[in-house]
Amino acid sequence: MTDVHRRFLQLLMTHGVLEEWDVRRLQKHCYRVHDRTAAVEELEDFINNINSVLESLYIEIKKGATEDDGRPVYALVNLATTSVSKMASDFAENELDLFRKALELIIDSETGFASSTNILNLVDQLKGKKMRKKEAEQVLQKFVQNKWLIEKEGEFTLHSRAILEMEQYIRETYPDAVKICNICHSLLIQGQSCETCGIRMHLPCVAKYFQSNSEPRCPHCNDYWPHEIPEVFDPEKEREAATSRATKRSLRSRQH
Amino acid sequence: MLQKPESGALPSPQAEGEKDGSRDGETQTLTASQKEVPSPFLQESPNEDLGARREEGATASSLTPKGARTLAAKALARRRAYRRLDRTVAELVQFLLVKDKKKSPITRSEMVKYVIGDLKDLFPEIIARAAEHLRYVFGFELKQFGRKHHTYILVNKHKPLEEEEEEVEEEDLGGDGPRLGLLIMILGLIYMKGNSARETQVWEMLRRLGVRPSKYHFLFGYPKRLIMEDFVQQRYLNYRQVPHTNPPECEFSWGPRSNLEISKMKVLGFVAKLHKKEPQHWPVQYREALADEADRARAKARAEASMRARARARARATDRAGIYPW
């Protein structure tokens with residue numbers, strides 16, 4: 001465990017969750033700051049080394065993927081989750097309860113999204129201090145800013161950070177309502193489902209499973225798979241897009 | 001399931017009498033100030049030992065089945081207690097990390113209320129082990145301060161207030177460059193004015209930089225809130241009313257976190273660069289900064305000596321238990 005690893009951990013913690021491309025940039029940055037001469041270790045080994053030290057603290061750097069397009073993400077998660085613990089110190093009791101209500105609606109929904117209206121209608125049932133709908137709207141935005149929820153056209157779903165962080169808690173707390181992906185057997189919030197037998201798959205799992213398959217069929221009941229097959233996530237294309245984003249960003253910041 | 005290295009024996013905390021040198025009498029490194037607490041979990045109470053031996057003695061050479069069961073039950077209870085202790089330490093580490101993100105100091109009573117609960121008597125042991133994890137794994141120092149020494153903050157060993165060539169990179173990656181730059185300007189003003197500056201002087205300096213208290217600034221947000229609330233709450237600045245002033249005036253001075261994270265010499269260097277002069281150009285401040293450097297060097301040497309002593313003691317203990325992978 002060296003300063004390179006420590007700096008990496010600190011910065012990863014600051015962000016909560018990071019996409020793989022940013023994680024690699026972060027790793028290189030930490031080497032540059034603390035140990036220019038050393039060779040940059042392969043990311044997987046680098047993270048495994050850190051995780052072996054984190055084990056005794058019941059936390060680990062976990063790798064997951066965004067549910068909509070399969071981008072790999074990394075987050076520092078608790079292994080012994082008893083509740084929504086990481087959020088507990090950042091939010092008041094009524095705010096945490098609002099999150100729990102939104103979480104329940106999301107899990108129960110067919111699409112993995114809960115509408116703003118439906119969440120706000122539950123404002124009267126919250127524990128703790130009374131919250132008005134206007135306030136609740138702002139709290140929901142706070143959740144989005146802190147990467148616990150994602151908003152799309154007035155509807156909310158779980159951010160990949162929340163899924164990574166709370167999967168165990170969700171599976172234990174809502175064992176009947178929870179949906180599981182037929183391919184990777186992890187928690188599923190958004191995905192596609194077979195209209196005949198009802199099994200579900202993550203969009204990136206669908207992409208990988210049916211890759212270059214012209215006649216996609218349900219792996220369970222063999223019926224035709226009725227949905228559009230998404231593309232497999234390509235890190236190369238992603239890197240090109242991200243480099244041009246970063247160049248634009250640094251040009252802007254140096255302009256004053 | 002969770003693989004956790006099973007620990008046979010725990011290294012017990014060494015209670016050294018010496019204190020880490022405090023910067024201004026207020027802060028103390030959390031290493032040596034805890035007295036060793038005789039805990040039922042960690043040390044075999046003499047009675048227990050005697051009991052086991054008595055049983056062994058009573059049955060001549062081998063244990064009766066009953067005796068063996070009792071010993072096994074005791075061992076199981078001890079293991080459970082160790083696991084519970086480890087878990088509590090881990091929870092405290094996470095609690096401190098989360099709380100520190102907001103940079104507000106954490107009190108002992110908060111820790112007991114939210115994490116430690118009925119293991120309250122083991123607080124010194126728990127917090128010492130949590131501090132060790134924070135240092136080894138994350139590079140944070142857990143520092144105590146406050147009159148009763150019951151308030152704690154985490155200080156980054158990697159000194160975030162120092163200039164870094166990588167500053168731009170870290171901004172992209174989530175650093176607080178501009179806000180800390182503003183802080184250093186204020187710390188500089190305070191230092192050059194003899195370690196305290198009137199509130200009016202601070203706002204005057206900032207006005208010259210185009211920063212107004214209640215006008216939203218694209219880099220600093222609302223400066224008044226940043227300086228009067230955030231920096232004060234995070235203990236970067238102290239803010240108090242100057243006695244015997246009419247109309248009442250208020251002044252800023254360096255807060256304990258500033259003393260921990262940056263030095264007078266560094267701030268003087270920053271001011272000097274700003275004026276394109278050498279630090280020696282201000283002989284009074286330069287002398288004061290030199291004295292400050294000497295104090296810090298002494299404190300550092302003392303802290304390192306006590307760390308080495310503890311590392312030696314720990315190495316002796318963990319040779320048997322093999323807990324840490326280093």
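**Exercise 1.** What percentage of the contacts in chain B with a separation of 6 or more is accounted for by residues 24 or more positions apart?

*Solution.* The model is predicted, so local features need pLDDT of at least 70 and side-chain atom pairs count only at pLDDT 80 or more, while totals for chains, interfaces and linings use all residues. Residues are numbered from 1 along each chain as its sequence is written, chains are lettered from A, and side-chain values use heavy atoms, with hydrogens and water left out. With contact taken as heavy atoms within 4.5 Å, the share is 61%.

**Exercise 2.** Determine the strand order of the open three-stranded sheet in chain B, and identify its edges.

*Solution.* Strands are DSSP runs of E with at least two residues, and helices are runs of H or I with at least four, numbered from the N terminus; two strands pair if DSSP finds at least two bridges between them. The order is β5-β7-β6 (chain B), with antiparallel pairing. Because β5 (197-198) and β6 (237-241) of chain B each have a single partner strand, they stand at the edges, and one side of each is left without a neighbour in the sheet. Between β6(B) and β7 (residues 250-254) of chain B there are five bridges, and B:N238 has B:S253 as its bridge partner in β7(B).

**Exercise 3.** Describe how α2 (residues 65-101) and α4 (residues 123-138) of chain B cross.

*Solution.* Using axes fitted to C-alpha atoms over the stretch in contact, with angles from 0 to 180 degrees between N-to-C directions, the two axes come within 9 Å and cross at roughly 60°. Angles under 35 degrees count as roughly parallel, over 145 as roughly antiparallel, 65 to 115 as roughly perpendicular and the rest as oblique, and α2(B) and α4(B) are therefore oblique to each other. Residues making the contact include B:L85 and B:L92 of α2(B) and B:I126 and B:F138 of α4(B).
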